[in-house]
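Me: I would like to learn how to read a few features of a protein model. Could you take them one at a time?

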Amino acid sequence: MKPSWGSLRSLLPTREDYRGLRRSWRGDVVAGITVGIVALPLALAFGVSSGVGAEAGLITAIVAGLVAAVFGGSNVQVSGPTGAMVVVLAPIVLSHGVGSVALISILAGLIVLVAGVLRLGRSVSFIPWPVIEGFTVGIGIIIFLQQVPAAVGVSGAGHSTNAVAAAVESVARAEWPAALVPVAALVVIAAIMLILGRVNGRIPASFIAIIIVTLGATLLGLPLTTIGELPQSLPLPTLPEFSADTLLSLVGPAFAVAALAAIESLLSARVAASMADTGPVNADRELVGQGLASIASGFFGGMPATGAIARTAVNVRSGARTRVSAIVHSLALLAVVYLAANVVAVIPLAALSGVLMVTAARMVSPTVIRLVLRSTRSDAIVFVITAIITVSFDLIVAVGIGIAVAAFFALRALSSASGVQREALPAPAAEGDEQIAVFRIDGALFFGAAERVLDRITEHDNIQVVILRLSQLQLIDATGAHTLTDLVTALERRGITVLIKGIKPEHLQLLERLGTIDSLRHPNHLFAELPPAIDHARSHIARSPND
C-alpha cells in the first residue's frame, strides 16, 4: 500500500515540536550544553573504539545529533555514536576497512528511513524484556573488553573480531612494565568518575576526569598515545566511492547496523518518555529521523548513529523539555571542532578507554540481573542465552535467537494453558447419555496445541455423538482450524455424529474457509447454545447413530 501524503506529513517536523519553547528555552540551552560536555569524551571514545577514529565519532555526534533532533520522533532524544554501534562496527571495520563505514552509514540510514515510512516503528515493542536486558549486558561486556588494547598500550592487537580473543591477545602482547602507565591513567579516570558520580550524579564526571588525566600526563610527560591531530572544521559532504561489488558485500552489514539503530533508538526514546512528561514519542517518525541522521553522517564521513540512552537520560535530568536541547548539544560539539580541536588532540587514548570501561560497567546492572534471574526460569534462560551469544558471536544474531527462544517458551506456555475437558451432561439424565460426549476446548487451538487436543478427543470409545464446545476458545489459527476439520472428518468416518456449539463470530470465517463447517454431516449440526445441541444429540441416540 502506497503511503498517502497525509500519513507522510505526520513523519515531518511541525511547529508543535517547539510548543512551550518560550517557557523552557533557558532550561533547554543549559541541558544542551550539559549533554554536549558529557557527549564529547563519549563521541571521541566511541569513534576510536570502533576503529574509524575520533574525528568520525565527533562528526557523527554533531551531524547525526542535529538531524535526529530536528526530524526525530522524540522531543528529548539525544543521538550520536553509541557503544552498541561500536560492537557491531568494530568487526565490520576489520573485515571491510575504515572506508566502508561511511557507505554503510548511508545504506543503513536508507533502510531505517524506509522502515519508518512503512510504519514499522511499533515492532520494537515485540522484543521481550529479558532479550533487551540480555543484549544490554552483552554489549557492556564487549565494550569493556574492546578497551583492553588501549588500556595496556597496544595498538592493532590482531585481527580477531571476537572481543574476548582480542583482549587476551592484547594482554599477551603488551610490553610490561611499560604498559602499567596507560593502566594507571585508566585507573585514575575510573576512580574520578566513580567518586564524582557518588558525590553528585549531575556532575560531568567523564569530562572532568579526562581534563585531570590529560593535564597530568602533559605536565609529567608520560609516554601515552594521544588522539592526535583533528580537523578544525567540518569536512564538506561527499558521496563515498563505491562499486557494485562493494555494495553487494555491504548489504548484510548494513541491515545489521540498521536493525541495531532502529532497536536502540526506539528503546532510548521509550526510556526518555518514561522519565518525564516531555510529550509522546512518534516511533515511526523516530525511525525516519534516525535514518536521515545516519545518511547525513555518512555524507560527512561519520558513522551510523542511534539514540543514546545515557545521554538522553542526562538531557532529561538536566531539565530538557524540547528538541532545542539536543540541537544545542550538537552546536556545542561543533564549537569544540572550530575552537578547541588542538586541545582535544592531546587527550590520551587510555583516558578514553577508562571512560568507556566505566560506561560499560554501568550497563551491567546487578539489580536488573537479579530481577531477571528471579523472575521465571524461561525468562532467565532467555536472558542468559542472549547475553552469551552477544558476547560470543553477534549482537543481531543474539537478538534474533533471544526472540526465538522467548517465543518458544511463550508458545509452550500458551499451549499448556490450552486444553480439552470432557463435561458431564446436565441433569436430568436420559437413556443413552453415556453415548454422548461433550468436549469443551479452552484457551488456544493453534499449531502448538492442536495435535494434543486431537489425541485427547479421539482416545474415547463407545461414543455415538460428540458435541464440541468452542465458546471458551480464545484463539485459533490455520493449523488449529485444519486440525479441527480433520477431527470432525475422522469422527464422522467412524460413524460418530459431530455437533459444534458456540463458534465465536471472529472464528467462523476461518473455519468456513478451511472446511470445518462443511465437514459436518448436516448444516443443522451447528448450534449457538448448549441445550439445543444436547437435545439434538439425544434425538440421534433415540433414532439411529447414522442419521
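Me: Which residues touch the most other members of the largest nonpolar core?

Reply: Keep in mind that this model is predicted. A nonpolar core is a set of buried nonpolar residues joined through side-chain atoms. Here the largest one has 90 residues, and L44, F135, I189, I227, V257 and I347 touch the most other members. Helix 11 (residues 244-275) gives the most to this core, with 10 residues. Apart from this core lies another, of 24 residues, V420, I441, L487 and I496 among them.

Me: What does L44 touch, not counting residues up to four places away in sequence?

Reply: Contact means heavy atoms within 4.5 Å. With those sequence neighbours left out, L44 touches A54, L58, I227, L230, V344, I347 and L352.

Me: Is N315 buried or exposed?

Reply: Buried means under 20% relative accessible area. N315 has 0% relative accessibility, so N315 counts as buried. This residue is placed in helix 13 (residues 309-317). Leaving aside neighbours within four places in sequence, N315 is in contact with A31, G32, V35, V76, V78, A320 and S325.

Me: And L220, is that residue buried or exposed?

Reply: Exposed means over 50% relative accessible area. L220 has a relative accessible area of 65%, so L220 is exposed. L220 is found in helix 10, which covers residues 205-220.

Me: Which residues make a nonpolar surface patch with L220?

Reply: I211, L215, L219 and L222 make the patch together with L220, and its area is about 530 Å².

Key:
Residues are numbered from 1 along each chain as its sequence is written. This is a predicted model: local features need pLDDT of at least 70, side-chain atom pairs count only at pLDDT 80 or more; totals for chains, interfaces and linings use all residues. Side-chain values use heavy atoms; hydrogens and water are left out. Patches are made of residues with over 30% relative accessible area and no salt bridge: like charges are joined within 9 Å, nonpolar side chains (Val, Leu, Ile, Met, Phe, Trp, Tyr) within 5 Å. Accessible areas come from the Shrake-Rupley method with a 1.4 Å probe; for residues, only the protein chains shown count as cover. A salt bridge is a side-chain nitrogen of Lys or Arg within 4 Å of a carboxyl oxygen of Asp or Glu. Helices (H or I, at least four residues) and strands (E, at least two) are DSSP runs, numbered from the N terminus. Buried means under 20% relative accessible area, exposed over 50%, partly exposed in between (1.4 Å probe, protein chains only). A nonpolar core is a set of buried Ala, Val, Leu, Ile, Met, Phe, Trp, Tyr and Cys residues joined through side-chain atoms within 4.5 Å.
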